[in-house]
Amino acid sequence: MAKKTPKKLAPKKTAAKPAAAQPKLLAGGNPQIAKGYGDEPVQAYIAAMPEWKRELGERLDAIITRTLPDVTKAVKWNSPFYGREGEGWFLSFHCFAKYVKVAFFKGSSLRPLPPGESKQKEVRYLDIREDDEFNEAQFAKWVKQASKLPLERM
């Protein structure tokens with residue numbers, strides 16, 4: 001019986017790694033970002049915001065962080081959330097086709113009231129469009145007020 005010689009294995013081909021894919025944009029241009037806690041997923045969300053909304057997202061995040069340096073951040077349901085560690089959330093924002101919607105979860109307790117009403121009694125919204133004047137000082141005051149109210153657990 002003839003002895004079989006083992007076949008030489010061809011070197012394994014390694015597929016080239018694809019470049020990091022841009023997050024998918026959902027309806028209205030809202031970035032699809034995996035749920036995550038901390039600054040990194042929030043910054044990924046902001047970086048994926050389309051067009052003028054990215055600069056606005058950077059401004060919102062900067063104001064919130066400057067106003068509350070120890071703020072807790074997360075991405076949940078494809079939106080950045082801001083709150084206090086282990087206590088809950090007071091604010092979120094979300095991209096729509098023609099505006100960015102900021103949600104204050106206990107907004108009915110803020111003074112002055114944010115302009116947008118909600119079907120939920122305590123929630124108030126601030127819709128920001130591309131050509132709107134954005135009052136950063138008022139937004140910072142709302143952030144500070146909202147952070148002191150009872151928070152939402154989600």
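## Ground rules

Contact here means heavy atoms within 4.5 Å. This is a predicted model, where local features need pLDDT of at least 70 and side-chain atom pairs count only at pLDDT 80 or more, while totals for chains, interfaces and linings use all residues. Residues are numbered from 1 along each chain as its sequence is written, and side-chain values use heavy atoms, with hydrogens and water left out.

## The overall layout

Let's start with the inventory: the chain has 3 helices and 6 strands. Helices (H or I, at least four residues) and strands (E, at least two) are DSSP runs, numbered from the N terminus. Along the sequence they follow the pattern β-α-α-β-β-β-β-β-α.

Of the 154 residues, 43% count as buried, with buried meaning under 20% relative accessible area, exposed over 50% and partly exposed in between (1.4 Å probe, protein chains only). Take the contacts between residues at least 6 apart in sequence, and 55% of them join residues at least 24 apart.

## The sheet

The 6 strands make an open, antiparallel sheet in the order E1-E2-E3-E4-E5-E6. Its edges are E1 (36-37) and E6, each pairing on one side only. Two strands pair if DSSP finds at least two bridges between them.

E5 (residues 99-104) runs antiparallel to E6, joined by 6 bridges. E4 and E5 form a hairpin with 3 residues between them.

In a regular strand the side chains alternate between the two faces of the sheet. In E5 both faces are covered: Tyr99, Lys101 and Ala103 are buried on one side, and Val100, Val102 and Phe104 on the other. That's 6 of its 6 residues buried.

## The helices on top of it

H2 (residues 52-67) lies across E2 (72-76), E3 (79-84), E4 (88-95), E5 and E6, at about 25 degrees to E5. Axes are lines fitted to C-alpha atoms, for helices over the stretch in contact, and angles run from 0 to 180 degrees between N-to-C directions.

H1 (residues 39-48) buries Pro41, Val42, Tyr45, Ile46 and Ala48. These residues sit on the same side of H1 because they cover an arc of only 170 degrees around the axis, the arc being that of the directions from the helix axis to the C-beta atoms. They pack against E1, H2, E2, E3 and E4.

The axes of H1 and H2 come within 7 Å and cross at roughly 150 degrees. The two helices are therefore roughly antiparallel (under 35 degrees counts as roughly parallel, over 145 as roughly antiparallel, 65 to 115 as roughly perpendicular and the rest as oblique). Val42, Gln43, Ile46, Ala47 and Ala48 of H1 make the contact with Arg54, Gly57, Glu58 and Asp61 of H2.

## A closer look at Asp127

Asp127 belongs to E6 (residues 124-129). Because its relative accessibility is 26%, Asp127 counts as partly exposed. Skip its neighbours within four places in sequence, and Asp127 is in contact with Tyr99, Val100, Lys101 and Asp132.

The side chains of Asp127 and Lys101 make a polar contact at 2.9 Å. That term covers a pair of N or O atoms within 3.5 Å; within protein, one must be able to donate a hydrogen and the other to accept it, and residues adjacent in sequence count only if both atoms are side-chain atoms. Pro114 is 13 residues from Asp127 along the chain, and their C-alpha atoms are separated by 9.4 Å.
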